[in-house]
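Dear colleague,

Please find below the sequence and the structure that I am handing over to you. A summary of the findings follows directly after them.

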Amino acid sequence: MYWLVGVYKTTMRASAVERLKVLSSQFFASSSRPRIPLQQASIPIPISRPSSSRNSLTTSTKRFSGTMAPTDVKTYDYIVIGGGSGGSGTARRAAGWYGAKTLLIENGLSGGCCVNVGCVPKKITWNFAAMAEALRDSRDYGFDTPTNIPFDFAAFKKKRDSHIGGLNRAYERNWDREGIELVRGTAKFVEEKVLEVELEDGSGSVRYTAKHICIASGGFPLIPKEIPGAEFGITNEGFFDIEVLPKKIAVVGAGYIAVEIAGMLNAVGVEVHMFIRGEKFLRTFDPMVQDTMTARYEAVGVKIHKGYKGFEKVEKISDGKGDERVLKLTLQDGEELVVNELLWAIGRAPETKSLDLEVAGVKTREKGYIVADQYQNTNVEGIYALGDVTGQMELTPVAIAAGRHLSNRLFGPPELSTSYLPYENIPTVVFAHPEIGTIGLTEPQAIAKYGAPNVKTYHTKFSALFYEMSSSEEKKKNPTEFKIVCEGPEEKIVGLHLLGLGVGEMMQGFGVAVKMGARKRDFDACVAIHPTSAEEIVTMR
């Protein structure tokens with residue numbers, strides 16, 4: 001057979017398949033072995049596709065039978081379901097670094113939630129809102145800036161969408177450059193290691209298999225099912241479709257998505273009503289953040305309805321864009337509120353229902369989250385899960401890092417065979433107004449873990465120098481506040497919580513220090529950069 005392959009490689013004029021049939025007939029005719037028609041032989045037939053110098057593996061076609069109707073199943077080293085941050089991260093590491101034959105299955109826009117309806121358009125919109133705040137603040141610096149400068153939100157949206165489209169194409173170029181095969185469609189398990197993909201173009205379905213399969217299909221925002229008319233509201237996904245801003249909006253939720261969107265809209269002059277179940281929002285954050293940010297939002301005009309127990313019903317009075325759209329919200333106590341838009345930010349759920357995980361035997365938790373360990377293993381050998389489908393810190397950089405670690409472990413050198421992402425001390429930022437940065441334990445969490453006598457905190461609250469040109473009233477509305485949480489006699493820093501102007505950029509650097517195990521005296525030993533807000537982090541007493 002090695003002779004057969006050698007002759008095949010030197011023959012280029014006839015088609016590959018026809019030539020292989022001729023050579024196969026000659027070979028079997030000259031041997032004492034029984035002749036087997038090529039289509040019945042167990043020889044994998046190569047599928048033509050662009051090759052990479054880093055990837056000499058070939059897709060093969062197998063026949064699966066048993067409980068399935070006989071059908072061709074294409075084989076890969078690695079199949080990734082979901083082309084979002086985590087899925088792209090693990091696929092690119094596997095294919096681009098280690099030459100694994102990789103298939104990526106995606107049924108939505110390239111880049112997933114973060115690129116299209118999450119982090120990126122959110123931050124651009126945050127910048128838009130911050131510009132409106134800066135224009136107002138400019139008057140305190142002597143600029144004769146009009147108080148109501150008009151803006152064209154539709155033009156802004158068009159430019160934002162153009163940028164997102166460029167990112168979609170960049171993702172696809174990267175996948176193509178690294179030899180990743182992209183299939184557009186929706187996948188489901190038909191056997192433990194066999195996926196069937198209903199192709200997006202309507203041409204039918206194709207089956208695939210691999211030794212390693214990673215589920216990174218992401219999540220979706222929830223809309224309450226028990227409230228009549230709830231479907232008239234939108235989620236963060238619908239928010240980025242808005243071309244004309246509503247005059248008045250109701251935002252339901254107390255998490256970071258609700259807080260970010262409420263802050264942006266309030267900053268550009270929209271009347272914002274927040275509905276939260278408790279007395280404060282961001283309830284999983286340090287009490288300092290909860291207290292100061294809730295008070296700050298109220299001070300700048302956000303109307304916070306506390307003790308929310310749900311709407312009795314939602315009615316659509318009229319449709320349209322901006323002020324043309326009118327919704328009437330009826331609370332359970334009979335109170336009514338008329339708004340131009342309703343945004344649900346009450347949580348997310350994993351995008352797993354269509355996968356038929358039970359066919360593969362993959363275990364899930366309540367709400368459908370896939371059970372995965374620190375190595376992203378599910379209970380089924382060779383099937384992995386990462387990102388929002390696991391509920392393990394639903395943050396874009398976390399999914400990317402976890403995906404890269406997974407590919408290091410599966411396809412990398414022996415020294416990376418135990419590679420995984422530790423889920424402790426991961427820094428994150430809430431793009432509220434002002435920003436919030438946090439890493440590690442809150443003060444209550446530290447006390448619960450180490451005991452109150454072993455926990456010491458350092459705290460400061462002040463006005464950033466930027467606001468020294470503003471009135472006393474305005475300075476109070478724009479606080480900067482920091483807290484360091486330390487543990488033990490060495491005062492190891494186990495939590496750092498920041499809020500104020502520019503803390504998003506600060507947190508990345510200080511996050512490195514906390515990740516490395518910095519102690520309070522290490523911060524003290526660092527010479528302060530003056531005049532900055534960040535210098536207060538290394539000068540707290």
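**Findings**

Of the 541 residues in the protein chain, 48% are buried, where buried means under 20% relative accessible area, exposed means over 50% and partly exposed lies in between (1.4 Å probe, protein chains only). This is a predicted model, in which local features need pLDDT of at least 70 and side-chain atom pairs count only at pLDDT 80 or more, while totals for chains, interfaces and linings use all residues. Residues are numbered from 1 along each chain as its sequence is written, and side-chain values use heavy atoms, with hydrogens and water left out.

The protein chain holds 15 helices and 21 strands; these are DSSP runs numbered from the N terminus, helices being H or I with at least four residues and strands E with at least two. Among contacts between residues at least 6 apart in sequence, 62% join residues at least 24 apart, a contact being heavy atoms within 4.5 Å.

**Cavity and aromatic rings**

One cavity of 30 Å³ or more is counted, and the largest cavity has a volume of about 40 Å³. A cavity is a set of points on a 1 Å grid over the protein atoms alone where a 1.4 Å probe fits but cannot get out, and lining residues have an atom within 4 Å of a point. Grid points are joined across faces, edges and corners, and the volume is the space filled by probe spheres set on the points.

The lining of the largest cavity consists of Thr125, Phe128, Ala129, Phe153, Leu245, Met264, Leu265 and Val268. Helix H5 (119–138) and helix H8 (256–267) are the elements that give two or more residues to this lining, and H5 gives the most, with three residues. By type, the lining residues divide into seven nonpolar, one polar and no charged; Ala, Val, Leu, Ile, Met, Phe, Trp, Tyr, Cys and Pro count as nonpolar, Asp, Glu, Lys and Arg as charged, and the others, Gly among them, as polar.

Phe128 and Phe153 from the lining also belong to a cluster in which ring pairs link Phe128, Phe151, Phe153 and Phe156. The whole structure has 20 aromatic pairs, a pair being rings of Phe, Tyr and Trp (its six-membered ring) with centres within 6.5 Å.

Charged ends also sit over rings: that of arginine 93 lies 3.6 Å from the ring centre of tryptophan 97, and that of lysine 520 lies 4.5 Å from the ring centre of tyrosine 458. The criterion is NZ of Lys or CZ of Arg within 6 Å of the ring centre and within 35 degrees of the ring normal.

**Individual residues**

Glutamine 290 lies in helix H9 (residues 287–299) and counts as buried because its relative accessibility is 13%. Leaving aside residues up to four places away in sequence, glutamine 290 touches Lys280, Phe281, Leu282, Arg283 and Phe285.

Most residues other than glycine have a negative phi, and most peptide bonds are trans. The peptide bond from histidine 433 to proline 434 is cis, with omega near 5°, and proline 434 lies in the loop between strand S17 (428–430) and strand S18 (436–440). The bond from histidine 530 to proline 531 is also cis, with omega near -5°; proline 531 is in the segment after helix H15 (520–525).

Aspartate 356, not a glycine, has a positive phi of about 55° and counts as partly exposed at 24% relative accessibility. Asparagine 425 has a positive phi near 55° and is partly exposed at 26%.

Yours sincerely

Notes:
1 Å grid on protein atoms, 1.4 Å probe; cavity = no way out; pocket = protein on both sides within 12 Å on 5 of 7 lines; lining within 4 Å. Phe/Tyr/Trp six-rings, centres within 6.5 Å; stacked < 30°, edge-to-face > 60°.
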